[in-house]
Amino acid sequence: MSKARKSCGGKREKSKGSKPVAKEQVGEEKVTFNISKEENFSEWFTEIVKRAELADLRYNVKGFIVFQPWSVLAMEKMYRFLEETLQRKGHKPYWFPTLIPESNFKLEAEHVKGFTPEVFWVTEHGDGEKLSERLALRPTSETAFYKMFSYWIRSYRDLPLKTYQRANVFRYETKATRPFLRSREFYWIEAHCAFASEREAMEQVREDMETTKEVLHDIFGLPFIFFRRPEWDKFAGAVATFAADVLHPDGKVVQQPSTHLLGQNFSKPFNIKFRDRDGREKYVYITCYGPAVSRIFASVIAIHGDDYGLRFPWRIAPLQVIIVPVASEKNEGVIKKALELKEFLLANGIDADVDLSERSVGDKFYYWEMKGVPLRIEIGPRELEQQRLVVFRRDTMSKEEIAEIELLSYIERVSKEIDKNLIEQADKAFENRIVDAKSKNEIAEALDQGKIARCNFCSVSHEGEKCAEVIEKELKARVRGTRLEPEKPDGPCVICGKKASAVVYIAREY
RNA sequence: GGGGCUGUGGGCUAGUGGUUAGGCUUCCGGCUUAGGGAGCCGGCGACCCCGGUUCAAAUCCGGGCAGCCCCA
C-alpha cells in the first residue's frame, strides 16, 4: 500500500464549486500498483488477488487457497447465471457424493488413464485403518453420475436425461498452481446428459456452446473461441472435445468451459441401456459440460482489470454501488441520507453499501476503485442541500452529477452502458489477435506478439501428433484445434510440408 | 517435469554468527480532522518447521513445508 501511495500522491485535480463538469476525467496519472497489467501481467495478477482480497494464499496445503468474500460473492452470482441458464434449458440439479469408489472409477479405460495421475485417494479411516476399497476425491464426476444413470434410465421415455451439479473437485496438478487459474481444488458446474441418439447428443454439445456464449460472453464479458480439440488432446474417454479458449493479456490462452461428446464410451462399461420404441435395448449417448467457475473468475479478473485494480461487469459485481458520504460528524444528515439511499437501492434489487469507515474520503475512493465496484455515489452537504448526487463510473473513471430523483433510471441506463462498454473493450482487445501463419517463423512471430496463429496442418487425428510435438518443443505452444465448421486448408502443412487436411489454431497456454 | 529466487509482528521490509531484532504500514485506545491516498500521542504484535555445526544461529549447513518468477 505504501508504495502505491507514494507513486500516485499529489497532482489531483479538484472539482471546485458546486457543479463539477459532467464526466470529468479524474485520476489519469494514478497507478494503483507499481505493476503494469500490460507489461507484467503475471505479477499484476498475483498482486490484485492479494490486494483486492480475492483469495488468501497463505493456507498451508500446496495448491489450495482460501476464497474470500470479494471473489465468492462474484462467483456466487456467476453460479446463479450458469445454473439459471442450465435449468431453463431443462437440466435438473443434483448433489453427488465427493467420494468415488475405485471400482467405478476404473470402468472406462481411457478415463482412468487420463485422470489417475491427478487423483487424491482416500485410503484410511481413523488411526490408520485401511478402507476395503480406495475412494477417489472426485476429479470430475462422470463415474459417479453414470453409475446412477444405469439405475435411472430404463426406457426411451426416461430420455433425454439432463442433469448437473455445482461442486468442488480435486486434482493433483503437477504443473505450477496459480490462484483461480489452476488450483488443486476448484469450483465448477458439471452437466451430464444422456440421449437416445448421437444426433441428439451432438445437439446438446451445440446447446452447451450456446450457453457458454450467453453466459460467459454476454454476461461476464469474456470473448472466446470454441475449438474442436485434436484427437490427442481430447477429454479422457471422449469421442470429441470442444473447448472454449480465452486469450489473456499476456498472450496465453486458458481453457474455459469444455463440452464433450462421450458417445457410448461410458454407457457401455456402466451398462446404461434403454428400451427403445422399436423394443430393442440400446446404449445411451452421453455428453458432459464443465464450466469451472473459479477459473472463469480468473479470466474475469484478467480481461476486465486495469492498472487501477479490478473492474466487474454489472451483473456479477460483488457490490454494485458503494455510497461514500462526505461529511463531518456535524453533518449527520449526510450519513442518514446515505443509509436511506442504501436501503432504497437494496429494495430495488441493487447491491449497495455505505462506507462508514473512518478513513479519509480519498482513501475510500481509491480503495473501492481497486475493488472494482462499478458505481460510486458521493454525497455531502452540498448534494444533500441540492438533492443531487455525484456518481462515479469505475469503467470509465468519470464523474457526473445527477438529480437524486433520477437515481434509479440513471442506474438502469448506466449499468447497461457499463456492461456494453466492458464487453466492447474486451472484444476489441480480442480482435485481430488471430493471424494467419505460413511458416514456423510466422507462427513464432504471432505467438511472440501474444496472438493466436492460424495455419494449415497435416492432420488433427493421431498422424498429426508428431507435428504438434514439434510445435510444442520448438514454439512452446499447443495446437488448440479446429473451428467447429472446419476451414479448408490452402497449402501444405506448415510443419511437415505434407498435404494439409485441416486449418488449426496454435497458441501458448498456461 | 526442470531451473531460479524467497520465507522476520496482519502486510512490506532492515538486519552476513554475539543487537533490548530496527523501520514503515495495518490493527487497538485517545484527540484533532473530513469534497481524491489526513495528523498527533500511546499501545499490542515476528525470526516457517525439524535436525546439524558452534561457547553462541534469524544469520552457516542439510532436510521438510510453503510461496513467487522463468522455462519445458
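## Exercises on a predicted model

With 13 C-beta neighbours inside 10 Å, glutamate 53 counts as partly exposed. The model is predicted. The exercises start from this residue.

**Exercise 1. Compare the backbone and setting of glutamate 53 and asparagine 432.**

Solution. 
- Step 1: locate glutamate 53. The loop between α2 (41-51) and β2 (55-56) holds this residue.
- Step 2: Glutamate 53 is not a glycine, yet its phi is positive, about 55°.
- Step 3: locate asparagine 432. This residue lies in the loop between α12 (407-430) and β21 (434-436).

**Exercise 2. Is isoleucine 100 buried or exposed? List what it touches.**

Solution. 
- Step 1: apply the cut-off. A residue is buried at 20 or more other C-beta atoms within 10 Å. Isoleucine 100 has 24 neighbours, so it counts as buried.
- Step 2: collect contacts, leaving out residues up to four places away in sequence. Isoleucine 100 touches Phe105, Leu135, Ala136, Arg138, Thr143 and Ala144.
- Step 3: check a C-alpha distance. Isoleucine 100 and leucine 131 are 31 residues apart along the chain, and their C-alpha atoms are separated by 13 Å.

**Exercise 3. Trace the pairing of strand β9 and explain why it is largely enclosed.**

Solution. 
- Step 1: count buried residues. In β9 (residues 185-195), 10 of the 11 are buried, so the rest of the structure largely encloses the strand.
- Step 2: take the β8 pairing. β8 (residues 161-170) and β9 pair antiparallel over 10 bridges.
- Step 3: take the β15 pairing. β9 and β15 (residues 285-290) are antiparallel, with five bridges.
- Step 4: follow cysteine 193 in β9. This residue is the bridge partner of lysine 162. Cysteine 193 also stands opposite threonine 287 in β15.
- Step 5: Proline 160 sits in the loop between α6 (142-152) and β8. The peptide bond from leucine 159 to proline 160 is cis, with omega near -5°.

**Exercise 4. Describe the contact of domain 1 with domain 3.**

Solution. 
- Step 1: Chain A has domain 1 (70-98 + 138-304), domain 2 (307-431) and domain 3 (434-509).
- Step 2: take the separation. The C-alpha centres of domain 1 and domain 3 are 27 Å apart.
- Step 3: count residues. Domain 1 gives 15 residues to the contact and domain 3 gives 20.
- Step 4: name strands. β10 (225-228), β11 (240-247) and β12 (252-263) each supply at least two residues of the domain 1 side.
- Step 5: sort that side by class. It has eight nonpolar, one polar and six charged residues.

How values were computed. Residues are numbered from 1 along each chain as its sequence is written. Chains are lettered from A and ligands numbered from 1 in the order in which they are written. This is a predicted model: local features need pLDDT of at least 70, side-chain atom pairs count only at pLDDT 80 or more; totals for chains, interfaces and linings use all residues. A residue is buried if 20 or more other C-beta atoms lie within 10 Å of its own, exposed if 12 or fewer, and partly exposed in between; C-beta atoms are placed from the backbone. Two residues are in contact if their C-beta atoms, placed from the backbone, lie within 7 Å. Domain bounds come from an automatic or database domain assignment. Helices (H or I, at least four residues) and strands (E, at least two) are DSSP runs, numbered from the N terminus. Ala, Val, Leu, Ile, Met, Phe, Trp, Tyr, Cys and Pro count as nonpolar, Asp, Glu, Lys and Arg as charged, and the others, Gly among them, as polar. Two strands pair if DSSP finds at least two bridges between them.
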